[in-house]
Amino acid sequence: MKILHTSDWHVGRTFHGRDLLKEQESVLGGLADAVSDERVDVVVVSGDLFDRAVPNAEAVAVCSRVLKRIRHAGAQIVVTPGNHDSAARLGFLGAFAEAGGLHLRTRIAELAEPVLLADDHGPVAVYGIPFLEPETARHALGVPDAKGHGGVLTEAMRRVREDLAARPGARSVVLAHAFVTGGEPCESERTIAVGGVQDVSGSVFAGVDYAALGHLHGQQTLADHLRYSGSPVAYSFSEARHTKQVWLVELGPEGLAGVEGRALPVPRELSALTGALDDLLLRPEHDAVVDHFLSVTLTDRVRPLDALRRLQSRFPHAVHVEWRPEGGRPGELRFAERVRGRTDEEVACCFLEDVRGDRPGDRELLLLREAFAAAAREED
């Protein structure tokens, strides 16, 4: 049996305010081609199908079209909710969806009830563990003393293994959305530490043929049978060096037979530039990144006005700008040290210089003095 392991679609997410629905549909729709080309039997999504608990209509429409394409390509689909999803909303009409080959595993009470599939070598049990918020899950699972994610996932996996033991000869796959010890996070993931310690030991997932993990956005291998697929699209500049892929997992007659990565297309590359604004706007060597999403660090001694708009005149997909003047900003001291022994006017002038990179002019000084005088009269 061939399984395509994906996670963290985050349909509906933006990138520094830029809509990504078109790019997301392009990349995710391509999974249907992989299903056809590789003769994939099952596509699994290990959490965070959507980016928010109540996705907008456009995000729902994109996700619906993508799932339809994958199903028409011939694969069954198994989905579990992540910490960004609403399990209750995602599981709505789940029983009807299952009849069409879309298996939504969203209820804690049913996490040990697998999707049962079969190939020439016998049955395959696919267990979907929805994201377990510790404070809620420990009561739902009947383990009120469980600590953090490790505690509730330990109980969840105990139930999975108990069910699996009653299915002799069945091979097994588990979907889980968690931060497993040894994984490398990046900036685009929301913390799941609410309710206790977020880390989970990889040993929790012992006893199954393959654990398809979600939550971390970089593809990672923690053990042959324990892997993160990563997000299919980059959602922060910290992912600029990621190679976005999915895992193609093959189960043989004795269990896990092999895992290979399959690269995904990059809808728009991420790049970073550093330099003075005028140089960035004029230098021809930057032509190569004109169509990239750009994070720009400006080194001008004086903070340029309207920098992002000016950058976008050449780089239409520049989305992030920082100002870090060469040599650092003058007088970078703690606030208390910088204002000690100074008049209000001196403090205001230092503030303007720190923000703009130059001292206020005579007319600005006059306005400041008038403002301080008015404030003093008001206090009196």
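**Entry 1**

Is Arg 138 buried or exposed? I looked this up before anything else. The model is predicted, and I keep that in mind throughout. Arg 138 has a relative accessible area of 18%. The cut-off for buried is under 20%, so Arg 138 counts as buried.

Next I checked what Arg 138 touches. Arg 138 forms a salt bridge with Glu 135. Their closest N and O atoms are 2.9 Å apart. Both residues belong to helix α6, which covers residues 134-140. They are three residues apart there, so about one helical turn separates them. I then looked at the cover on Glu 135. Glu 135 is partly exposed, at 39% relative accessibility.

**Entry 2: other salt bridges**

How many salt bridges does the structure hold? I noted 20. I picked out a few.

Arg 107 pairs with Glu 110. The closest N and O atoms of this pair are 3.0 Å apart. Glu 110 is partly exposed, with a relative accessible area of 28%.

Arg 309 and Asp 306 also meet through their side chains in a salt bridge. I wrote down 2.3 Å for N to O. Arg 309 is exposed, with a relative accessible area of 51%. Asp 306 counts as partly exposed, at 43% relative accessibility.

**Entry 3: aromatic rings**

I searched the whole structure for aromatic pairs and got two. One of the ring pairs is Phe 15 with Phe 293. Their ring centres are 4.7 Å apart. The planes meet at 35°, so I logged the pair as tilted.

Phe 15 and Phe 293 are both buried.

Ring pairs link Phe 15, Phe 237 and Phe 293 into a cluster.

**Entry 4: charges over rings**

Phe 293 came up again here. The charged end of Arg 268 sits over the ring of Phe 293. I noted 5.7 Å from the ring centre. Arg 227 lies over the face of Trp 247. Here the distance to the ring centre is 4.6 Å.

**Entry 5: positive phi angles**

I turned to the backbone. Most residues other than glycine have a negative phi.

His 10 has a positive phi of about 50°, although it is not a glycine. Where does His 10 sit? I placed His 10 in the loop between β1 (2-6) and β2. His 10 is buried, with a relative accessible area of 0%.

Leu 93 also has a positive phi, near 65°. Leu 93 is in the loop between α4 (87-90) and α5 (94-99). With a relative accessible area of 46%, Leu 93 is partly exposed.

**Entry 6: a nonpolar patch**

I stayed with Leu 93. Which residues make a nonpolar surface patch with an area of about 390 Å²? I listed Phe 92, Leu 93 and Phe 96.

**Entry 7: Leu 153**

I moved on to helix α7, residues 148-165, which holds Leu 153. Leu 153 counts as buried, at 4% relative accessibility. I then checked Leu 153 against Leu 132. They are 21 residues apart along the chain. Their C-alpha atoms are separated by 7.4 Å.

**Entry 8: the annotated span**

Last, I consulted the record. The UniProt annotation "domain: Calcineurin-like phosphoesterase" covers residues 1-96. The entry is unreviewed. I looked at that span in the model. The span is 42% helix and 20% strand. The end C-alpha atoms of residues 1-96 lie 25 Å apart.

Definitions and conventions: Residues numbered from 1 in each chain as written. Predicted model: local features only at pLDDT ≥ 70, side-chain atom pairs only at ≥ 80, totals over all residues. Heavy atoms only, no water. Patch = residues over 30% accessible without salt bridge, like charges linked within 9 Å, V, L, I, M, F, W, Y side chains within 5 Å. Areas by Shrake-Rupley, 256 points an atom, 1.4 Å probe, with all protein chains shown as cover. Salt bridge = Lys/Arg side-chain N within 4 Å of Asp/Glu carboxyl O. Helix = DSSP H or I, 4+ residues; strand = E, 2+ residues; numbered from the N terminus. Buried < 20%, exposed > 50% of the residue type's maximum accessible area, 1.4 Å probe, protein only. UniProt positions renumbered as here; feature names shortened; annotations may be inferred. Phe/Tyr/Trp six-rings, centres within 6.5 Å; stacked < 30°, edge-to-face > 60°. Lys NZ or Arg CZ within 6 Å of the ring centre and 35° of its normal.
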